[in-house]
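Open the structure in your viewer and keep the selection tool at hand. The stops below go one element at a time.

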Amino acid sequence: MEITGLDLKEVEALILELGEPRYRARQLLDWVYKKGTDAFGEMSNLPLSLQRSLQEQGWRVSPLAVAGAREARDGTKKYLFRLPDGFCVEAVYIPEVKRKTVCFSTQVGCAVGCVFCATGQQGFKRNLMVGEIVDQVRKIGQDRKIRISHAVAMGQGEPLANYERTLKAIRILNADYGLKMAARHLTISTSGIVPAIYRLATEELQINLALSLHATEDQLRSRLIPLNRTYPLAQVMKACRDYAAQTKRRVTLEYIMIAGVNDGEADLDRLIKLATGWLCHVNLIPYNPVPAVPYQPSPPRVRQRFLRTLEEHKVAASIRQERGGEVEAACGQLRQQLKL
Ligand code: SF4
(Lines give C-alpha, C1' and ligand atoms only; values in the text may rest on other atoms or scores of the structure.)
Protein backbone atom coordinates (compact mmCIF):
# COMPACT_ATOMS: atom_id res chain seq x y z
CA MET A 1 0.00 0.00 0.00
CA GLU A 2 1.69 3.15 -1.25
CA ILE A 3 0.98 6.78 -0.49
CA THR A 4 2.07 7.65 -4.05
CA GLY A 5 -0.87 5.58 -5.32
CA LEU A 6 -3.43 7.78 -3.57
CA ASP A 7 -4.99 11.07 -4.58
CA LEU A 8 -5.67 13.85 -2.07
CA LYS A 9 -9.18 12.67 -1.20
CA GLU A 10 -7.92 9.16 -0.50
CA VAL A 11 -5.06 10.41 1.68
CA GLU A 12 -7.54 12.60 3.59
CA ALA A 13 -9.81 9.58 4.12
CA LEU A 14 -6.86 7.57 5.41
CA ILE A 15 -5.80 10.35 7.78
CA LEU A 16 -9.35 10.76 9.15
CA GLU A 17 -9.59 7.00 9.60
CA LEU A 18 -6.43 7.16 11.70
CA GLY A 19 -8.09 9.78 13.91
CA GLU A 20 -6.08 12.79 12.72
CA PRO A 21 -7.37 16.10 11.33
CA ARG A 22 -7.76 16.46 7.56
CA TYR A 23 -4.94 19.03 7.16
CA ARG A 24 -2.40 16.32 8.04
CA ALA A 25 -3.02 14.87 4.56
CA ARG A 26 -1.47 17.89 2.84
CA GLN A 27 1.40 17.90 5.34
CA LEU A 28 2.09 14.25 4.52
CA LEU A 29 1.90 14.85 0.75
CA ASP A 30 4.18 17.84 1.13
CA TRP A 31 6.87 15.54 2.51
CA VAL A 32 6.31 13.01 -0.25
CA TYR A 33 6.27 15.33 -3.27
CA LYS A 34 7.89 18.65 -2.27
CA LYS A 35 10.57 17.44 0.11
CA GLY A 36 10.98 14.03 -1.55
CA THR A 37 10.99 12.04 1.69
CA ASP A 38 10.46 8.27 1.68
CA ALA A 39 10.42 7.59 5.44
CA PHE A 40 7.46 8.44 7.70
CA GLY A 41 9.96 8.78 10.56
CA GLU A 42 11.50 11.85 8.90
CA MET A 43 8.19 13.70 8.60
CA SER A 44 8.89 15.86 11.63
CA ASN A 45 5.67 17.90 11.67
CA LEU A 46 3.51 14.75 11.77
CA PRO A 47 2.72 13.39 15.25
CA LEU A 48 4.75 10.32 16.20
CA SER A 49 1.49 8.41 16.70
CA LEU A 50 0.52 9.04 13.05
CA GLN A 51 3.97 8.08 11.76
CA ARG A 52 3.69 4.84 13.73
CA SER A 53 0.11 4.07 12.66
CA LEU A 54 1.02 4.47 8.99
CA GLN A 55 3.92 2.06 9.41
CA GLU A 56 1.93 -0.44 11.49
CA GLN A 57 -0.87 -0.53 8.93
CA GLY A 58 1.63 -1.47 6.23
CA TRP A 59 1.73 1.85 4.39
CA ARG A 60 4.88 3.00 2.65
CA VAL A 61 5.66 6.03 0.52
CA SER A 62 7.40 4.34 -2.38
CA PRO A 63 6.90 0.94 -4.02
CA LEU A 64 10.10 1.21 -6.11
CA ALA A 65 13.73 0.33 -5.50
CA VAL A 66 16.45 1.32 -7.95
CA ALA A 67 17.83 -1.97 -9.31
CA GLY A 68 20.23 -0.39 -11.77
CA ALA A 69 21.00 2.76 -13.72
CA ARG A 70 23.23 3.85 -16.58
CA GLU A 71 24.07 7.38 -17.59
CA ALA A 72 25.09 8.52 -21.06
CA ARG A 73 27.57 11.29 -21.81
CA ASP A 74 24.74 13.66 -22.74
CA GLY A 75 23.20 13.24 -19.26
CA THR A 76 20.43 10.89 -20.37
CA LYS A 77 20.02 8.34 -17.61
CA LYS A 78 18.16 5.08 -17.76
CA TYR A 79 16.77 3.55 -14.57
CA LEU A 80 15.70 0.03 -13.83
CA PHE A 81 13.17 -0.04 -10.97
CA ARG A 82 12.37 -3.17 -9.01
CA LEU A 83 8.70 -3.57 -8.04
CA PRO A 84 7.49 -5.18 -4.79
CA ASP A 85 6.77 -8.50 -6.56
CA GLY A 86 10.26 -8.65 -8.10
CA PHE A 87 9.36 -7.55 -11.64
CA CYS A 88 11.37 -4.66 -13.07
CA VAL A 89 10.42 -1.69 -15.25
CA GLU A 90 12.44 1.01 -16.95
CA ALA A 91 12.27 4.78 -17.03
CA VAL A 92 14.54 7.30 -18.73
CA TYR A 93 15.59 10.79 -17.66
CA ILE A 94 16.26 13.13 -20.59
CA PRO A 95 17.80 16.50 -19.68
CA GLU A 96 17.58 19.35 -22.19
CA VAL A 97 18.26 23.05 -21.75
CA LYS A 98 14.62 24.06 -21.39
CA ARG A 99 13.06 20.84 -20.12
CA LYS A 100 13.80 17.89 -17.90
CA THR A 101 11.77 14.94 -19.11
CA VAL A 102 11.04 11.51 -17.69
CA CYS A 103 9.83 8.76 -19.99
CA PHE A 104 7.97 6.29 -17.76
CA SER A 105 6.45 2.80 -18.04
CA THR A 106 2.83 1.83 -17.46
CA GLN A 107 2.96 -1.98 -17.68
CA VAL A 108 5.39 -4.82 -17.01
CA GLY A 109 5.95 -6.09 -20.54
CA CYS A 110 3.41 -5.32 -23.23
CA ALA A 111 0.73 -7.27 -25.06
CA VAL A 112 0.84 -5.16 -28.24
CA GLY A 113 3.91 -7.04 -29.48
CA CYS A 114 5.43 -4.50 -31.89
CA VAL A 115 8.08 -6.38 -33.85
CA PHE A 116 10.70 -3.64 -33.54
CA CYS A 117 10.44 -3.35 -29.75
CA ALA A 118 12.34 -5.28 -27.07
CA THR A 119 9.44 -4.98 -24.60
CA GLY A 120 7.03 -6.33 -27.19
CA GLN A 121 9.18 -9.47 -27.45
CA GLN A 122 8.90 -10.10 -23.68
CA GLY A 123 5.11 -10.42 -23.66
CA PHE A 124 2.70 -8.97 -21.10
CA LYS A 125 3.16 -9.60 -17.37
CA ARG A 126 0.90 -7.14 -15.55
CA ASN A 127 -0.37 -3.58 -15.32
CA LEU A 128 1.51 -1.19 -13.06
CA MET A 129 -0.26 0.19 -9.99
CA VAL A 130 -0.79 3.95 -9.72
CA GLY A 131 2.04 4.43 -7.20
CA GLU A 132 4.40 2.40 -9.37
CA ILE A 133 3.76 4.84 -12.23
CA VAL A 134 3.87 8.10 -10.24
CA ASP A 135 6.96 7.07 -8.33
CA GLN A 136 9.13 6.59 -11.43
CA VAL A 137 8.90 10.34 -12.02
CA ARG A 138 9.18 11.27 -8.34
CA LYS A 139 12.20 9.04 -7.71
CA ILE A 140 14.10 10.30 -10.74
CA GLY A 141 13.49 13.89 -9.62
CA GLN A 142 14.86 12.91 -6.19
CA ASP A 143 17.92 11.22 -7.68
CA ARG A 144 18.69 14.12 -10.03
CA LYS A 145 17.81 16.70 -7.35
CA ILE A 146 15.84 18.54 -9.96
CA ARG A 147 12.27 19.48 -10.74
CA ILE A 148 11.02 17.25 -13.56
CA SER A 149 9.15 19.50 -16.00
CA HIS A 150 7.85 16.99 -18.57
CA ALA A 151 6.72 13.37 -18.43
CA VAL A 152 5.77 11.02 -21.24
CA ALA A 153 4.06 7.63 -20.97
CA MET A 154 6.29 6.18 -23.65
CA GLY A 155 8.26 3.55 -21.74
CA GLN A 156 7.30 -0.10 -21.40
CA GLY A 157 3.66 -0.93 -21.98
CA GLU A 158 0.61 0.49 -23.74
CA PRO A 159 -0.68 3.26 -21.42
CA LEU A 160 -4.24 3.16 -22.72
CA ALA A 161 -4.44 -0.57 -21.95
CA ASN A 162 -3.92 0.43 -18.29
CA TYR A 163 -6.28 3.37 -18.67
CA GLU A 164 -7.65 4.12 -15.18
CA ARG A 165 -4.32 3.80 -13.39
CA THR A 166 -2.38 5.76 -16.01
CA LEU A 167 -4.94 8.57 -15.90
CA LYS A 168 -4.98 8.66 -12.12
CA ALA A 169 -1.17 8.77 -12.10
CA ILE A 170 -1.25 11.63 -14.63
CA ARG A 171 -3.69 13.54 -12.40
CA ILE A 172 -1.37 13.07 -9.40
CA LEU A 173 1.64 14.26 -11.42
CA ASN A 174 -0.42 17.31 -12.40
CA ALA A 175 -2.04 18.03 -9.01
CA ASP A 176 -1.06 20.94 -6.75
CA TYR A 177 -0.56 18.43 -3.89
CA GLY A 178 1.47 16.14 -6.22
CA LEU A 179 4.37 16.94 -8.53
CA LYS A 180 2.61 20.07 -9.90
CA MET A 181 3.55 19.31 -13.49
CA ALA A 182 1.66 21.33 -16.10
CA ALA A 183 -0.88 19.18 -17.94
CA ARG A 184 0.40 20.46 -21.28
CA HIS A 185 3.80 18.99 -20.33
CA LEU A 186 2.34 15.50 -19.89
CA THR A 187 2.00 13.14 -22.84
CA ILE A 188 0.40 9.77 -23.38
CA SER A 189 1.71 7.76 -26.30
CA THR A 190 -0.49 5.01 -27.71
CA SER A 191 -0.17 2.39 -30.40
CA GLY A 192 -3.80 3.16 -31.28
CA ILE A 193 -6.55 1.77 -29.01
CA VAL A 194 -9.41 3.59 -30.69
CA PRO A 195 -12.13 3.49 -27.97
CA ALA A 196 -9.59 4.69 -25.38
CA ILE A 197 -8.58 7.63 -27.60
CA TYR A 198 -12.23 8.74 -27.72
CA ARG A 199 -12.50 8.30 -23.96
CA LEU A 200 -9.33 10.31 -23.40
CA ALA A 201 -10.80 13.17 -25.44
CA THR A 202 -13.58 13.51 -22.86
CA GLU A 203 -11.25 13.81 -19.85
CA GLU A 204 -10.93 17.28 -18.38
CA LEU A 205 -7.17 17.29 -18.87
CA GLN A 206 -5.10 19.37 -21.27
CA ILE A 207 -2.55 16.58 -21.80
CA ASN A 208 -0.92 15.65 -25.11
CA LEU A 209 -1.60 12.59 -27.20
CA ALA A 210 1.02 10.90 -29.36
CA LEU A 211 0.25 8.09 -31.79
CA SER A 212 2.86 5.46 -32.69
CA LEU A 213 2.11 5.59 -36.41
CA HIS A 214 5.26 4.01 -37.92
CA ALA A 215 3.54 2.91 -41.14
CA THR A 216 1.16 4.54 -43.60
CA GLU A 217 -0.77 1.53 -44.90
CA ASP A 218 -2.49 -1.35 -43.13
CA GLN A 219 -0.42 -4.25 -44.39
CA LEU A 220 2.88 -2.88 -43.11
CA ARG A 221 1.38 -1.35 -39.96
CA SER A 222 -0.24 -4.68 -39.02
CA ARG A 223 3.13 -6.35 -39.49
CA LEU A 224 4.95 -3.80 -37.30
CA ILE A 225 2.16 -3.20 -34.75
CA PRO A 226 -0.16 -6.24 -34.54
CA LEU A 227 -2.82 -4.13 -32.76
CA ASN A 228 -3.47 -2.56 -36.17
CA ARG A 229 -5.42 -5.70 -37.08
CA THR A 230 -7.94 -4.80 -34.37
CA TYR A 231 -7.93 -1.05 -35.01
CA PRO A 232 -6.93 -0.42 -38.63
CA LEU A 233 -5.26 2.76 -39.76
CA ALA A 234 -8.38 4.55 -41.03
CA GLN A 235 -10.11 4.12 -37.65
CA VAL A 236 -7.01 5.16 -35.71
CA MET A 237 -6.44 8.26 -37.83
CA LYS A 238 -10.09 9.29 -37.55
CA ALA A 239 -9.91 8.90 -33.76
CA CYS A 240 -6.80 11.11 -33.67
CA ARG A 241 -8.35 13.76 -35.91
CA ASP A 242 -11.48 13.73 -33.75
CA TYR A 243 -9.29 14.00 -30.62
CA ALA A 244 -7.53 17.07 -32.04
CA ALA A 245 -10.84 18.65 -33.08
CA GLN A 246 -12.48 18.04 -29.71
CA THR A 247 -9.57 19.00 -27.45
CA LYS A 248 -8.00 21.65 -29.74
CA ARG A 249 -4.70 20.00 -28.91
CA ARG A 250 -2.12 18.99 -31.48
CA VAL A 251 -1.58 15.24 -31.85
CA THR A 252 1.97 14.00 -32.44
CA LEU A 253 2.42 11.28 -35.04
CA GLU A 254 5.50 9.29 -34.05
CA TYR A 255 7.24 7.74 -37.04
CA ILE A 256 10.19 5.45 -36.33
CA MET A 257 12.24 5.38 -39.54
CA ILE A 258 13.45 1.87 -40.40
CA ALA A 259 15.77 1.43 -43.39
CA GLY A 260 14.08 -0.21 -46.37
CA VAL A 261 10.88 -0.84 -44.42
CA ASN A 262 8.92 2.42 -44.13
CA ASP A 263 11.22 5.07 -45.63
CA GLY A 264 10.40 4.92 -49.36
CA GLU A 265 8.83 7.51 -51.68
CA ALA A 266 5.37 5.91 -51.46
CA ASP A 267 5.59 5.94 -47.64
CA LEU A 268 6.44 9.62 -47.72
CA ASP A 269 3.54 10.44 -50.08
CA ARG A 270 1.07 8.61 -47.84
CA LEU A 271 2.53 10.21 -44.70
CA ILE A 272 1.96 13.66 -46.20
CA LYS A 273 -1.66 12.76 -46.97
CA LEU A 274 -2.28 11.36 -43.47
CA ALA A 275 -0.83 14.46 -41.80
CA THR A 276 -2.38 17.16 -43.98
CA GLY A 277 -5.32 19.35 -43.01
CA TRP A 278 -5.57 18.83 -39.26
CA LEU A 279 -3.81 19.73 -36.02
CA CYS A 280 -0.86 17.33 -35.92
CA HIS A 281 2.90 17.18 -35.89
CA VAL A 282 5.07 14.44 -37.39
CA ASN A 283 7.99 13.36 -35.23
CA LEU A 284 10.55 11.41 -37.26
CA ILE A 285 12.49 9.07 -34.97
CA PRO A 286 15.75 7.34 -35.90
CA TYR A 287 15.27 3.63 -35.17
CA ASN A 288 17.36 2.44 -32.24
CA PRO A 289 18.41 -1.16 -33.07
CA VAL A 290 17.28 -3.91 -30.68
CA PRO A 291 19.30 -7.13 -30.30
CA ALA A 292 17.82 -10.05 -32.27
CA VAL A 293 15.64 -7.69 -34.35
CA PRO A 294 16.88 -7.39 -37.95
CA TYR A 295 16.00 -3.69 -38.49
CA GLN A 296 18.40 -0.80 -38.98
CA PRO A 297 17.81 2.97 -38.83
CA SER A 298 17.20 4.90 -42.05
CA PRO A 299 20.28 6.88 -43.12
CA PRO A 300 20.35 10.54 -41.97
CA ARG A 301 19.92 11.81 -45.57
CA VAL A 302 16.64 9.87 -45.88
CA ARG A 303 15.38 11.34 -42.60
CA GLN A 304 16.32 14.81 -43.82
CA ARG A 305 14.49 14.23 -47.11
CA PHE A 306 11.34 13.19 -45.22
CA LEU A 307 11.60 16.28 -43.04
CA ARG A 308 12.18 18.66 -45.96
CA THR A 309 9.36 17.23 -48.05
CA LEU A 310 6.88 17.26 -45.16
CA GLU A 311 7.74 20.90 -44.49
CA GLU A 312 7.40 21.77 -48.18
CA HIS A 313 3.86 20.39 -47.93
CA LYS A 314 3.19 22.57 -44.87
CA VAL A 315 3.15 19.61 -42.48
CA ALA A 316 4.64 20.44 -39.07
CA ALA A 317 7.50 18.00 -38.57
CA SER A 318 10.74 17.45 -36.70
CA ILE A 319 13.45 14.84 -36.29
CA ARG A 320 13.81 13.58 -32.75
CA GLN A 321 17.28 14.19 -31.46
CA GLU A 322 19.11 10.95 -30.72
CA ARG A 323 19.67 10.78 -26.98
CA GLY A 324 21.46 8.36 -24.74
CA GLY A 325 22.67 6.03 -27.47
CA GLU A 326 25.29 4.64 -25.11
CA VAL A 327 22.70 3.54 -22.56
CA GLU A 328 20.48 2.09 -25.28
CA ALA A 329 17.63 4.38 -24.31
CA ALA A 330 14.92 2.54 -26.16
CA CYS A 331 12.19 0.25 -24.89
CA GLY A 332 13.26 -2.80 -22.91
CA GLN A 333 17.02 -2.68 -23.44
CA LEU A 334 18.54 -1.83 -20.07
CA ARG A 335 17.49 -5.12 -18.50
CA GLN A 336 19.37 -7.08 -21.12
CA GLN A 337 22.35 -4.76 -20.79
CA LEU A 338 22.59 -5.04 -16.99
CA LYS A 339 21.44 -8.66 -16.82
CA LEU A 340 19.20 -7.94 -13.84
S1 SF4 B 1 6.47 -0.18 -28.83
FE2 SF4 B 1 5.18 0.29 -27.05
S3 SF4 B 1 3.18 -0.61 -27.61
FE4 SF4 B 1 4.68 -1.56 -28.97
S5 SF4 B 1 5.30 -3.45 -27.92
FE6 SF4 B 1 6.77 -1.84 -27.33
S7 SF4 B 1 5.95 -1.04 -25.41
FE8 SF4 B 1 4.27 -2.15 -26.41
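Contact here means heavy atoms within 4.5 Å. Helices (H or I, at least four residues) and strands (E, at least two) are DSSP runs, numbered from the N terminus. This is a predicted model, in which local features need pLDDT of at least 70, side-chain atom pairs count only at pLDDT 80 or more, and totals for chains, interfaces and linings use all residues. Residues are numbered from 1 along each chain as its sequence is written, and side-chain values use heavy atoms, with hydrogens and water left out.

**Helix 3**

Select residues 48–56, which form helix 3. Its buried residues (under 20% relative accessible area, 1.4 Å probe, protein chains only; exposed is over 50%, partly exposed in between) are Leu50, Gln51 and Leu54. Looking down the axis of helix 3, these residues fall within an arc of 100 degrees, so they line one face of the helix; the arc is that of the directions from the helix axis to the C-beta atoms. They pack against helix 1 (8–17) and helix 2 (23–34). Leu48 and Glu56 are exposed on the other side. Just after the helix, glycine 58 has a positive phi of about 90 degrees.

**Strand 7**

Next, select residues 150–153, strand 7. His150 and Val152 point one way, Ala151 and Ala153 the other, and all are buried. Show alanine 153: it is the bridge partner of phenylalanine 104 and stands opposite isoleucine 188 in strand 8.

**Helix 10**

Finally, select residues 265–275, helix 10. Asp267, Leu268, Leu271, Ile272, Leu274 and Ala275 are its buried residues. Seen down the axis of helix 10, they fall within an arc of 165 degrees, so they line one face of the helix. Their packing partners are helix 8 (218–224), helix 9 (233–247), strand 10 (251–257), strand 11 (280–286) and helix 11 (300–312). Alanine 266 also lies in helix 10; at 42% relative accessibility, alanine 266 counts as partly exposed. Glycine 277 follows the helix, with a positive phi near 90 degrees.

Terms used
Pairing = 2+ DSSP bridges.
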